[in-house]
Structures are given as structure tokens and as C-alpha cells.
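Subject: Structure handover

Hello,

Here is the structure I promised to pass on. My notes on what was found in it follow below.

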Amino acid sequence: MKTATQGAGRIIGVDLARCLALIAMYVAHVAPGAGPVGVLNLSEFVTAPLFALLIGVSAYLSTERMSFPVLFASSVVRGIVLIAIGLYINTWDAQVDIVLPYLGVLSVLIAPLVFLPAWLLGGISLLSWWFAATALTYFTPAYNEQVLSGSYLQYAYQWFFTGTHYQAFTLLAYACVGGILARALGEWGAAGDAVTAVAATGVAGLIYWYATTELSEFLPYTASRLEIAFALFLSIAALGWSCLLARMFASRAQVLDPLVAAGRMTLSLYVLQIGVLALYTRYAPAYGLPYNDDSWWMLALLIALSLLFAWSWDRLLGRTIARRGPLESLLALVTGRS
């Protein structure tokens, strides 16, 4: 669903979905409770999958203006930068498993794949979905050996297959579906947005009902087929509802400006969040505050700070070369996407 804002041809629904993923991430990181009927627990299932889905969407949209060699080279640079940033901010010792290296690897993997026909992209997604748990189990012994030997190969195993919370191989299932959905985002209209949102929500609801009534436990980060399917349809629903919301407010786009601005600079806001949580972990105990950063006030602070920062940046620098955001603008420059 394409909508122009302030002269920039953007799919606003994608930006809103990124903002939703950002807020879901904050909930997953610092919410002290599950909320009414456990609804906040859904953030643990949807955050990384939604980011991965949107990476697939963005990669395909980039093919409209970038050739295969250019996009692939750009994505390799982007992946390296994301990995480097992730390794650096991991030294800040926030109480967070840093996702950026996994998304960096995913950015490289998905770049050549989005040029494939949709049916082949779907086949790769199915293979990733089917074998994700098997890959996690199969490569774990090799990963443990690399850790014990101190080899740098441990990072490759971890990022691709054996990460505690994320694996690029698992995230590839979502990114491939994002590459398929991106082909229709600008074409199917409001009816397509609505059907996608309602249908995906319904399927996700059925999977959740089955998992919570028929299984002894249903947990995120297991890479099980049922979990991946649930997270996938939940992510598709989030994108569908976001596109529908963008269409509903097309004539009053300014209402969504803070959310859209935040969705356009999720990398900077991710790093800002890690900085805030790291500072809290370092200094809070000295002031008699709990070491654990989980609290409602921290959740409110992160959301308010992110929306205010993004909106202010857009207002002050929205017509300059730095309009994308602090890190986004630098990344666009080094990857040739400026």
C-alpha cells in the first residue's frame, strides 16, 4: 500500500510495522508482567520475526532501483556494519541478547534470494521452517566445540544456527515471506490489506489456541515448526494491520508522523535503548534501585523517548542528508543507498 509523505515515496504501512516491532521489542525486554490474559507475552514471539519479515520486504523493494550486484554488495556492507555495531554494543552489558549480528547475517542471505521467483522464495521459506529445529540441534555440538577451543567460528555457528534466542537460518523463513508479500504491497489495495490482516490474525489465533490447549507448554525461541508458523502469521497480521492503518489515515498522515518517524530509524532507536538499559544496569543499584531493568516506568520511558527523539529528528533534520536518522544516514552513505 503506497502512500507518499512529504515528497518521499514510501510504503507507510511498512514504517508503521517497524515501529510496532520496535515497541514489541521494548515490551519483550522490560515489561515486568504478561499483561491482561498474557497478551504482552506475544511480544516474545513476534519481535524478531517481524523485523526479519520487514527485512525481506525492504530487500525486495530495493530491487526496484538496484541491480543484483549493487544490492548484494550493499547488503554485504550493511551486514558487516550491523554485526560490528552489535558486537560493540554487546560490550555495554545491557541485560539484552543483541539481535543485530543475526539481522546482519540475514541481510546478506536475503539480498540475492529476493531476485528469485516467488514460488522458489516460498520453497526456501518452507525448507527453513521445516529444518530450523533440526539445524539448531545438529550444529549445537559443533558450536560447543568451537567455544571450548576459542575459535572465532563459534560466532558463525551461533549467528547462523545455534543462537539462544535467534538464528539467521530460522529468521530466513520470515524474510523470504516478506520478499513475497512485498510484491503485492503496492497493488492489492485496501481489500488486500484487510483480507491479509484478518486471515493472518485468524490463522495465528487458531495456532495459538491449539498450542495452548493441546500442548503442555508453548514457548518462544525454540525454533519449533509450530512456533515459527505462529510467529509468521502473527508478523503477517502485524504488517497487514499496519498497512490498513496507514491507508485509513492517508488524508491525515500527520497523525501518524511520530510512529512513522520511529519506524524509519529503528537501528538508532535500538542502540539508544541498549544505551539506556546499560546505564541503568551500571548505576541503578548505587541509588537503591533494583538491578533488574524490568518495570512499567522503564517501558514507558523507552517508548516515549523513542517517539520524541524520532519525531524531533524528523522535524529538525527531515529535509537534510541526515533525514533518515543518526545511524541510518551513515549506513545509507557507506552502503551506497543514500
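Thr335 has a relative accessibility of 9%, so this residue counts as buried. The model is a predicted one, which applies to everything below. Thr335 sits in the segment that follows helix H13 (326–334). A polar atom of the Thr335 side chain is 2.7 Å from the backbone oxygen of Leu331. If neighbours within four places in sequence are set aside, Thr335 is in contact with Ser74, Val77 and Arg78.

Overall fold

The protein has 13 helices and two strands. For 338 residues, a compact globule would have a radius of gyration near 20 Å, and the 19 Å of the protein agrees with that. The C-alpha trace spans about 55 × 50 × 45 Å along its principal axes. Of the 338 residues, 49% count as buried. The accessible surface comes to about 15900 Å², and carbon and sulfur atoms account for 68% of that surface. Taking contacts between residues at least 6 apart in sequence, 76% join residues at least 24 apart.

In soluble globular proteins, nonpolar side chains tend to be buried together. Here, the largest nonpolar core has 96 residues, and the members touching the most others are Leu53, Ile110, Leu239 and Tyr270. Helix H2 (residues 42–62) gives the most to this core, with 13 residues. Another core, of six residues, lies apart from it; Leu16, Phe249, Leu256 and Val260 are among its members.

Which residues does Tyr270 contact, leaving aside its neighbours within four places in sequence? They are Leu22, Met25, Ile89, Val96, Asp97, Ile98, Val99 and Leu100.

Aromatic pairs

There are 20 aromatic pairs in the structure. One of them, Phe68 with Phe115, is edge-to-face, with 5.3 Å centre to centre and 75° between the planes. Phe68 belongs to helix H3 (residues 68–90), while Phe115 is in the loop between helix H4 (100–113) and helix H5 (118–149), so the pair ties together parts that are 47 residues apart in sequence.

Phe160 and Phe161 make up an aromatic pair that is tilted, at 5.9 Å centre to centre and 40° between the planes. Phe160 is partly exposed, at 29% relative accessibility. Phe160 and Phe161 also belong to one aromatic cluster, together with Tyr138, Phe139, Tyr157 and Phe169.

Tyr221 is not a glycine, yet has a positive phi of about 65°. Its place is in the loop between helix H8 (189–214) and helix H9 (225–248). Ala223, found in the loop between H8 and H9, likewise has a positive phi of about 65° without being a glycine.

Are these two residues buried or partly exposed? Tyr221 is partly exposed, at 24% relative accessibility. Ala223 is at 2% relative accessibility, and therefore counts as buried. The cut-off for buried is under 20% relative accessible area.

Regards

Definitions and conventions
Residues are numbered from 1 along each chain as its sequence is written. This is a predicted model: local features need pLDDT of at least 70, side-chain atom pairs count only at pLDDT 80 or more; totals for chains, interfaces and linings use all residues. Side-chain values use heavy atoms; hydrogens and water are left out. A nonpolar core is a set of buried Ala, Val, Leu, Ile, Met, Phe, Trp, Tyr and Cys residues joined through side-chain atoms within 4.5 Å. Buried means under 20% relative accessible area, exposed over 50%, partly exposed in between (1.4 Å probe, protein chains only). Helices (H or I, at least four residues) and strands (E, at least two) are DSSP runs, numbered from the N terminus. Contact means heavy atoms within 4.5 Å. A polar contact is a pair of N or O atoms within 3.5 Å; within protein, one must be able to donate a hydrogen and the other to accept it, and residues adjacent in sequence count only if both atoms are side-chain atoms. The radius of gyration is taken over C-alpha atoms; the globule rule is 2.2 Å times the number of residues to the power 0.38. Accessible areas come from the Shrake-Rupley method with a 1.4 Å probe; for residues, only the protein chains shown count as cover. Rings of Phe, Tyr and Trp (its six-membered ring) pair if their centres lie within 6.5 Å; planes under 30 degrees apart count as stacked, over 60 as edge-to-face and the rest as tilted.
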